[in-house]
Amino acid sequence: QVHLVESGGGSVQVGGSLKLSCAVAGLPYSSTCMGWFRQSPGKEREGVAVIWPGGTSFYAASVKDRFTISRDNPKNALFLQMNNLKPDDTAMYYCAATGGSCDGWHRMNPADARAWGQGTQVTVSS
């Protein structure tokens, strides 16, 4: 059974910070590429950040230098530290795991994910 559970979402004012967490079970986590994606009403799901087993990461241009993706492999945990939040960051945030090879994962195509969490809502207001 593959199980990904996000937590840490909430409401924050512009410029604030949140840290999202994702607990992973049922996957060879330490050898799996992971990522955070988000989706707001009326928009397609988009990649936010992805991370390789050893910590190599890539970010969407819209969040680079504001968000940091990290992982704790012994704890099967994934994190997304979000700083200087903006209204455009408002979305449902999803934890995802890729399948097979990590080739192309840096492109952050949601279709490459093999497992998703249920999502956690982030709302940024002024």
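Modeller: A cavity here is a set of points, on a 1 Å grid over the protein atoms alone, where a 1.4 Å probe fits but cannot get out; points are joined across faces, edges and corners, and the volume is the space filled by probe spheres set on them. Keep in mind that this is a predicted model, where local features need pLDDT of at least 70 and side-chain atom pairs pLDDT 80 or more, while totals for chains, interfaces and linings use all residues. Residues are numbered from 1 along each chain as its sequence is written, and side-chain values use heavy atoms, with hydrogens and water left out.

Who lines that space? Around the largest cavity you'll find Arg-38, Gln-39, Ser-40, Lys-43, Glu-44, Glu-46, Asp-88, Thr-90 and Ala-91, each with an atom within 4 Å of a point. Sorted by class, that's five charged, three polar and one nonpolar; Asp, Glu, Lys and Arg count as charged, and Ala is among the nonpolar ones.

Now for the aromatic rings. The structure has four aromatic pairs, meaning Phe, Tyr or Trp rings (for Trp, the six-membered one) with centres within 6.5 Å; planes under 30 degrees apart are stacked, over 60 edge-to-face, and the rest tilted. One of them is Phe-37 with Trp-105, a tilted pair with 5.6 Å between centres and 55° between planes. Phe-37 sits in strand β4 and Trp-105 in the loop between β9 and β10, so this pair ties together parts 68 residues apart in sequence. (Strands are DSSP runs of E, at least two residues, numbered from the N terminus.) Phe-37 is buried at 0% relative accessibility, and Trp-105 is buried too, at 1%. Then there's Tyr-94 with Trp-116: their ring centres are 6.2 Å apart and their planes at 85°, so they meet edge-to-face. Tyr-94 lies in strand β9 and Trp-116 in strand β10, so this contact links parts 22 residues apart in sequence. Tyr-94 is buried at 13%, whereas Trp-116, at 29%, is partly exposed. Buried means under 20% relative accessible area and exposed over 50%, with partly exposed in between (1.4 Å probe, protein chains only). Phe-37, Tyr-94, Trp-105 and Trp-116 form one aromatic cluster.

In one, Cys-22 and Cys-95 have sulfurs 2.1 Å apart. Cys-22 is in strand β3 (residues 18–25) and Cys-95 in strand β9 (residues 91–98), so the bond ties together parts 73 residues apart in sequence. Both Cys-22 and Cys-95 are buried. The other disulfide joins Cys-33 to Cys-102, S to S 2.0 Å. Its S-S torsion is about 115°, so it is right-handed.

Definitions and conventions. A disulfide is a pair of cysteine sulfur atoms within 2.5 Å. Helices (H or I, at least four residues) and strands (E, at least two) are DSSP runs, numbered from the N terminus. On a 1 Å grid over the protein atoms alone, a cavity is a set of points where a 1.4 Å probe fits but cannot get out, and a pocket is an open set with protein on both sides within 12 Å along at least five of seven lines; lining residues have an atom within 4 Å of a point.
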